[in-house]
Protein chains: 2
Amino acid sequence: MPLNAPEPVKKSFKLQMLQAREVAITRAVNRLLAEKGFDAMTVDEVAAEVGIAKASLYKHFSSKEALACAAMVQAMQRAQEFICGLESGDAQLLASTALAKLQALTRWTLGLKLSGQMPSLPSQNSSLRASLMASRPYMDALMQVSEILGTWVVKAQAEGQVNPNLPPVAVLYTLYARACDPVLEFLKMSQLHTDEEIMDIVMATCFEGLNAR
Amino acid sequence: MPLNAPEPVKKSFKLQMLQAREVAITRAVNRLLAEKGFDAMTVDEVAAEVGIAKASLYKHFSSKEALACAAMVQAMQRAQEFICGLESGDAQLLASTALAKLQALTRWTLGLKLSGQMPSLPSQNSSLRASLMASRPYMDALMQVSEILGTWVVKAQAEGQVNPNLPPVAVLYTLYARACDPVLEFLKMSQLHTDEEIMDIVMATCFEGLNAR
DNA sequence: GTCTATAATCAGATAGAC
DNA sequence: GTCTATCTGATTATAGAC
């Protein structure tokens, strides 16, 4: 048995295990964040869902806020990947205009929310708000996403497809807000519509408004 | 000094004081509920804001949930009064059509939210949700409001002013959701617009949609 | 009914053995 | 790094004097 060779291999393996564990943690946090929100989620629940002791969680993340931040960053990165996909190659056929891209992204976020994978933003004065604002990885990802979406909005307005009287930032905020819109839960609870129908309804109210056209 | 006459007068006075105190409490709760939400609000804060001891609060309301329920019922009653005003006399000139009434009510709720008087609904799994659903006064008020608004929505659709393809209940939920829309806070934080402008923007996105017309 | 003081509980975080 | 057991602080709720 060689004495030197196994070292880096073993190290890499351990690192992989570490990362795999952390991915499992953020996935659990993401799900619980979507289901109950930050305040109602307890660290004990996270530990139970991952299947490790609470103390072990704190070896990976220094606080409950750090836990949630990591999950939010992960979610943000998934959004970035989806956005990149919309900007490149094949997707051009499906989403050729700026408006089509905005709509595709919005529908994707609605689907995430309906399937319980969209961590609900801290809509009120939560301790999470401050932590997120102080988190470089999160803010960087948010800025990047906002910049791309901002250009899409401006382009869609220039192309006459989005109401040019609306401040672009207001359009942006509106799209962000739709990703955590309680209307989706309400309609799902009523059990009168399929997920597809619910998405169609919310997409219609968002882009076409309540008024008849 | 008569021995019998003062009795009912004194009782009535004490009752008035009691009710006045409880109104003061619900007002404070309402404000804190709007500012921080149910979970972040503590009973100590409520007591401090009202200016009485915490134990005294529990003489009026049996739990934190009961406290919040009372505030929500009070808010609901204010909404009912506004709705009744829209249906009667003078307001007919300002809000003659069903759509105009829906818009007037929506703008009113946006104004409440902007001035920090709209208690934010428990959007996630809060203990408040269950308490509200179990509260007869709250559910009764909610049902009454929903019934009236429901007729307005159907009428507005029949008059060709609201998109007839949308299920009326979806329109209703959408209007409820706009009353606690985070877009309002986001725009207010950006400090680029006055409250009036913010209301105009949100009203436009809500009723006319993001798309150009 | 209001107060001070305290009980009871729960959740975030840590100590220390392995 | 993971565990069990524990600490600490915050928060809901109550006891008991006045």
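Q: How do you know that the span of α6(A) agrees with its 17 residues?

A: Let's check it together, keeping in mind that this is a predicted model. At 1.5 Å a residue, the 17 residues of α6(A) should span 24 Å. The C-alpha atoms at the ends of α6(A) are 25 Å apart, so the two values agree.

Q: What makes α6(A) count as mostly covered?

A: A residue is called buried when its relative accessible area is under 20%. In α6(A), 12 of the 17 residues are buried. Among them are A98(A), L99(A), L105(A), T109(A) and L114(A). The cover over the buried residues of α6(A) includes α4, α8, α9, α10 and α11 of chain A.

Q: How do you know that the span of α11(A) agrees with its 13 residues?

A: The same kind of check works here. At 1.5 Å a residue, the 13 residues of α11(A), residues 195-207, should span 18 Å. The end C-alpha atoms of α11(A) are 18 Å apart, and therefore the values agree.

Q: Which elements do the buried residues of α11(A) pack against?

A: They pack against elements of two chains: α6, α9 and α10 of chain A, together with α9 and α11 of chain B. The buried residues of α11(A) include I198(A), M199(A), V202(A) and F207(A). After α11(A) comes G209(A), with a positive phi near 80 degrees.

Q: Why is T205(A) called buried?

A: The cut-off for buried is under 20% relative accessible area. T205(A) has 9%, so T205(A) is buried. Its place is in helix α11 of chain A.

Q: What makes the pair T205(A) and V202(A) a polar contact?

A: For a polar contact, the two N or O atoms must be within 3.5 Å. A polar atom in the side chain of T205(A) lies 2.9 Å from the backbone oxygen of V202(A).

Q: Which residues is T205(A) in contact with, leaving aside its neighbours within four places in sequence?

A: From chain A there is L210(A), and from chain B there are L166(B), T174(B), T205(B), C206(B) and G209(B).

Q: Why is G85(A) called partly exposed?

A: Partly exposed lies between the other two classes, with buried under 20% and exposed over 50%. G85(A) has 33% relative accessibility, so G85(A) counts as partly exposed. This residue belongs to helix α4 of chain A, residues 64-87. From G85(A) to H193(A) is 108 residues in sequence, and 30 Å in space from C-alpha to C-alpha.

Q: How many residues of chain B and chain A are in contact, and what area is buried between the chains?

A: 46 residues of chain B are in contact with 45 residues of chain A. The area buried between the two chains is about 4,000 Å², with carbon and sulfur atoms giving 60% of it. On the chain B side, Y173(B), L210(B) and N211(B) supply 18% of the area that chain B buries against chain A, more than any other three residues.

Q: What makes S56(A) a polar contact of DNA strand D?

A: A polar side-chain atom of S56(A) is 2.7 Å from a phosphate oxygen of DNA strand D, and the cut-off is within 3.5 Å. Phosphate oxygens of DNA strand D also lie 3.0 Å from a side-chain N or O atom of H60(A) and 2.8 Å from one of Y58(B).

Q: Which residues are closest to DNA strand D, and which element gives the most to the surface there?

A: Of the 16 residues that surround DNA strand D, the closest are R21(A), A53(A), S56(A), K59(A) and K54(B). Sugar and phosphate make up 56% of the atoms of DNA strand D within 4 Å of the protein. The element that gives the most is α3(A), with four residues. By class, this surface has seven nonpolar, four polar and five charged residues.

Q: Which residues come nearest to DNA strand C, and which element gives the most to its surface?

A: Out of 16 residues around DNA strand C, those that come nearest are Y58(A), K64(A), R21(B), A53(B) and K59(B). Here α3(B) gives the most, with four residues. A polar side-chain atom of H60(B) lies 3.1 Å from a phosphate oxygen of DNA strand C, and a polar backbone atom of K64(A) lies 2.9 Å from a phosphate oxygen of DNA strand C.

Definitions and conventions:
Residues numbered from 1 in each chain as written. Chains lettered and ligands numbered in written order. Predicted model: local features only at pLDDT ≥ 70, side-chain atom pairs only at ≥ 80, totals over all residues. Heavy atoms only, no water. Near = heavy atom within 4 Å. Polar contact = N/O pair within 3.5 Å; in protein donor to acceptor, adjacent residues only side chain to side chain. Nonpolar A, V, L, I, M, F, W, Y, C, P; charged D, E, K, R; others polar. Expected span 1.5 Å × (residues − 1). Buried < 20%, exposed > 50% of the residue type's maximum accessible area, 1.4 Å probe, protein only. Contact = heavy atoms within 4.5 Å. Buried area = accessible area lost by both parts, 1.4 Å probe.
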